[in-house]
Amino acid sequence: MPSGLTLGLLGLTSFLFLASTPAALAADAALLVLLFIDGRRTKAPSAAREVPRISSLGVVTEVAITVTNEMEHPISLRMTDDLDPSLRRISGPDGRDEWEDGFAAEIPARTVLRCRYNVRPRARGFLSLGAIHLRTLSPWGLAWRRTSVAVSDTLQVQPGVRDLLRDRSSHAIRRKLRTPGARRNLQWGDGREFESLRDYAEGDDPRTIDWKASAKRRKYVVRNYEAERSQNIILAIDAGRHMRERLPPVRAGEVERGGGGDEVGWRRVAAGDAQAGPLDRERMDYALGACMMIASRAQNFGDRVGVVVFDDRVRHVSPPRRSDPPSLARTLAGVETRLVEPNYPLALATLGRNFRKRSLVILFCDIIDGSVSRALVTSLTRIGRAHLPLAIAIRNPALERAAARPASTSADAYHRAAAEEMVQARATTLQVMRQSGILVVDTPPGDTLVRTLDKYVEIKERGLL
């Protein structure tokens, strides 16, 4: 490609046409010959890219490109590379993405240049980074040589939990996760495994007194119990159309205050800010983040974890095995939502056939459509005869705000009425589930991880499974 210098010289030679056409044509021909020779002398540098194998959703990740100049003279170049649409480069302080426009660099002779830029994954899965494109300026500065280095890298983006743990309400849960060996004195009926004996203290439940041990020691002795270990936890993940909905990470207090009203603000990313604010996520992403933390906690308890992923068909079934969070993360990174209605009867019937031992079935879903909700309640009630079902229903804060927003026009009134009807139908379904003996956690998106962990620990400590 001709450089700006070449175009400028061609513009100057055009003035020769005013004096002599043959002279102007000769000058143009000479310039084009020089352009061809200079372009042929240009040797493109070699380039390679380094990408972390694994990243987390919404977490800034560094990508490095190494360019090697093997020539005896310095070179000027511009470069960029192909990114998956779900990877967003972090802009510079001026808000401009210099890599999108072509990163400019000067490389001395026989030198290796290492350039870096940051990206932020905006979707989960296996995201690709394609060819590296280079434009190298010729030694005389008359031409740019365009080359592409055909490389392909894959970044595995796993469900992220960092943003979901920034709230103060999660600190107690995080402390629990860091102290898995701690024992607790649980009330009568809490826990099933005897752990130790200790002296009676004021406030202890008299029903935990061990009368034989007390008679031997001639003082009251109580039993310590701990949560039962080596139980089965089944993560049932609805990958249907409702789980594709994108929601801001609103928490309980923000919903009550009408928070998150600035919906654009949730998506705003400060230019050049590596710690940019939280992004809207699919409902599925909140569910998978909770699955990862459940797997981590199950590892501490010694529980086995199985997975069922379904939409209108059963997409994946993993038998219960010792919790392995890295392996589970690889499985969950490939989960994709589809614009279909979930087939709860098929999924839960498959679950019942494949998992015979009594298990805690944690179902991540949402409840909106009436016919689908009835099928869900019926199916969960049926498997409740052999397992302990727990439904994690992730709310839509925008729907709740629409149901409470004042109506100033007839269109607003219709919108509010429709939203109120959906909110009420959802609440009714959840109440029916509770009355049917199904455990329910109704949570805003930002509290999904914390409330799911809370409920899991409570079930373990109370020995409900």
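What follows is a short chat about the fold and its salt bridges.

Colleague: What kind of model is this?

Modeller: It is a predicted model.

Colleague: How many helices and strands in the protein?

Modeller: The protein has 14 helices and 20 strands.

Colleague: And what share of the residues is buried?

Modeller: Of the 465 residues, 46% are buried.

Colleague: Now the charges. How many salt bridges does the count come to?

Modeller: The count comes to 23 salt bridges. One of them pairs Asp153 with Arg49, with 2.9 Å between the closest N and O atoms.

Colleague: Where do Asp153 and Arg49 lie?

Modeller: Asp153 is in strand β10 (residues 153-158) and Arg49 is in strand β1 (residues 46-50), so the bridge ties together parts that are 104 residues apart in sequence.

Colleague: Is Arg49 buried or exposed?

Modeller: Arg49 is buried, at a relative accessible area of 9%. The cut-off for buried is under 20%.

Colleague: Next one. Which residue does Arg283 form a salt bridge with?

Modeller: Asp366. The closest N and O atoms of Arg283 and Asp366 are 3.3 Å apart. Arg283 lies in helix α8 (residues 283-301), while Asp366 sits in the loop between β18 (359-365) and α11 (370-383), so this pair ties together parts that are 83 residues apart in sequence.

Colleague: Buried or exposed, Arg283 and Asp366?

Modeller: Arg283 and Asp366 are both buried.

Colleague: What about Arg426 and Asp442?

Modeller: Their side chains meet in a salt bridge, 3.0 Å from N to O. Arg426 is in helix α13 (residues 410-435) and Asp442 is in strand β20 (residues 439-443). They are 16 residues apart, and the pair links distant parts of the chain.

Colleague: Which residues do shared partners join into one network?

Modeller: Glu245, Arg283, Asp366, Arg426 and Asp442. The network is made by salt bridges that share partners.

Colleague: Switching to contacts in general. Of those between residues at least 6 apart in sequence, what share joins residues at least 24 apart?

Modeller: That share is 77% in the protein.

Colleague: Last topic, the surface. What does the accessible area come to?

Modeller: The accessible surface of the protein is about 23000 Å². Carbon and sulfur atoms account for 52% of that surface.

Key. Residues are numbered from 1 along each chain as its sequence is written. This is a predicted model: local features need pLDDT of at least 70, side-chain atom pairs count only at pLDDT 80 or more; totals for chains, interfaces and linings use all residues. Side-chain values use heavy atoms; hydrogens and water are left out. A salt bridge is a side-chain nitrogen of Lys or Arg within 4 Å of a carboxyl oxygen of Asp or Glu. Helices (H or I, at least four residues) and strands (E, at least two) are DSSP runs, numbered from the N terminus. Buried means under 20% relative accessible area, exposed over 50%, partly exposed in between (1.4 Å probe, protein chains only). Contact means heavy atoms within 4.5 Å. Accessible areas come from the Shrake-Rupley method with a 1.4 Å probe; for residues, only the protein chains shown count as cover.
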